Amino acid sequence: MTAPRFVAACLQMRSGRDPARNRDAAVAGIREAAERGAHYVQTPEMTSLLERDRPSLFQKIREPEHDSTLGALRDVARERGIVVHVGSLAVKNGDKVANRAFVIDREGAVAASYDKLHLYDVDLPNGESYRESATYTGGARAVVADLPWGRLGVAICYDVRFPALYRALAEAGAEILSAPAAFTRQTGEAHWHVLQRARAIETGSFMVSAAQGGRHEDGRETYGHSLIVDPWGRILAEADGNAPGVILAEIDMALVADARARIPALRHARPVVVEAAKP
């Protein structure tokens, strides 16, 4: 039987402080991707809102069932008969916020959701400081979702620095992996491409990662360069710097089996026991 092929798209955005404006930009971008032949469209982390001010963030977000962006993206998935992977939305989760991804099927139903496991608490050399754990709750589970063409491993941004997560997703059958992101410009310039390609190569999987890009209204600057990488580590499509837009690439699922046959690292893994050296 011939392995399936489909067209994947990443929507690169520059989300700001107005959820309605961001929602409308996402809908327009998804429609453009569908018109250009996409069967699967991924949006970036924090599609509907990039807001570092905590009180303002809480004022603007809703529970998932009342989130207008999620509702609009479900509608456009149904309208166009495509899979929409919402990289993440900020949604209310008790007295904190969940950084939550949603996979929406071709009928507009939410097929899977995932809360970002690894929270970004860092101090960068240029003086930027992030404390996601002060606002967000970390997830407690990894998630795979069955698409019409193969299995998707769902992850978000900082997760890409944790290869054990991606190996676990691949061992659970994922052939397409993801890291939709709002990567800072500084860390993106240093690490974005190599991390995306490494996760693809290590697991023999496609990596599809939509990104935020440019200077945002809340003052942060993100790297952009949305990427689609094949299982051999080749870049199939890349966004033009940090400019908003759509990239597309044909995904040939036969390349997963080919890469895993050539380098069967998933099958060759052995338990590792670390011992302190003894004199």
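Is Met-46 buried or exposed? At 6% relative accessibility, Met-46 counts as buried, where buried means under 20% relative accessible area, exposed over 50% and partly exposed in between, with a 1.4 Å probe and protein chains only.

## Basis of the model

This is a predicted model, in which local features need pLDDT of at least 70 and side-chain atom pairs count only at pLDDT 80 or more, while totals for chains, interfaces and linings use all residues. Residues are numbered from 1 along each chain as its sequence is written, and side-chain values use heavy atoms, with hydrogens and water left out.

## Residues with positive phi

Met-46 is not a glycine, yet its phi is positive, at about 55°. Met-46 lies in the loop between β2 (40-42) and α2 (54-60); helices (H or I, at least four residues) and strands (E, at least two) are DSSP runs, numbered from the N terminus.

His-225, likewise not a glycine, has a positive phi of about 55°, and its place is in the loop between β14 (221-223) and β15 (227-229). With a relative accessible area of 18%, His-225 is buried.

## Packing of α1 and α3

Helix α1 (residues 19-35) packs with helix α3 (residues 68-80) at an angle of about 15°, and their axes are 10 Å apart; axes are lines fitted to C-alpha atoms, for helices over the stretch in contact, and angles run from 0 to 180 degrees between N-to-C directions. The two helices, α1 and α3, are therefore roughly parallel to each other, a term for angles under 35 degrees, whereas those over 145 count as roughly antiparallel, 65 to 115 as roughly perpendicular and the rest as oblique. The crossing of α1 and α3 is right-handed, meaning that the near helix is turned clockwise from the far one by less than a right angle.

On the α1 side, the residues in contact (heavy atoms within 4.5 Å) include Ala-26, Val-27 and Ile-30, and among those that they and their α1 neighbours meet in α3 are Ala-72, Leu-73 and Val-76. The residues of this contact of α1 with α3 divide into eight nonpolar, two polar and five charged, with Ala, Val, Leu, Ile, Met, Phe, Trp, Tyr, Cys and Pro counted as nonpolar, Asp, Glu, Lys and Arg as charged, and the others, Gly among them, as polar.

## Cysteines

The structure holds zero disulfides, a disulfide being a pair of cysteine sulfur atoms within 2.5 Å. Cys-10 is in no disulfide, and the nearest cysteine sulfur, that of Cys-157, is 14 Å away. Cys-10 is buried, with a relative accessible area of 1%, and Cys-157 is buried at 8%.
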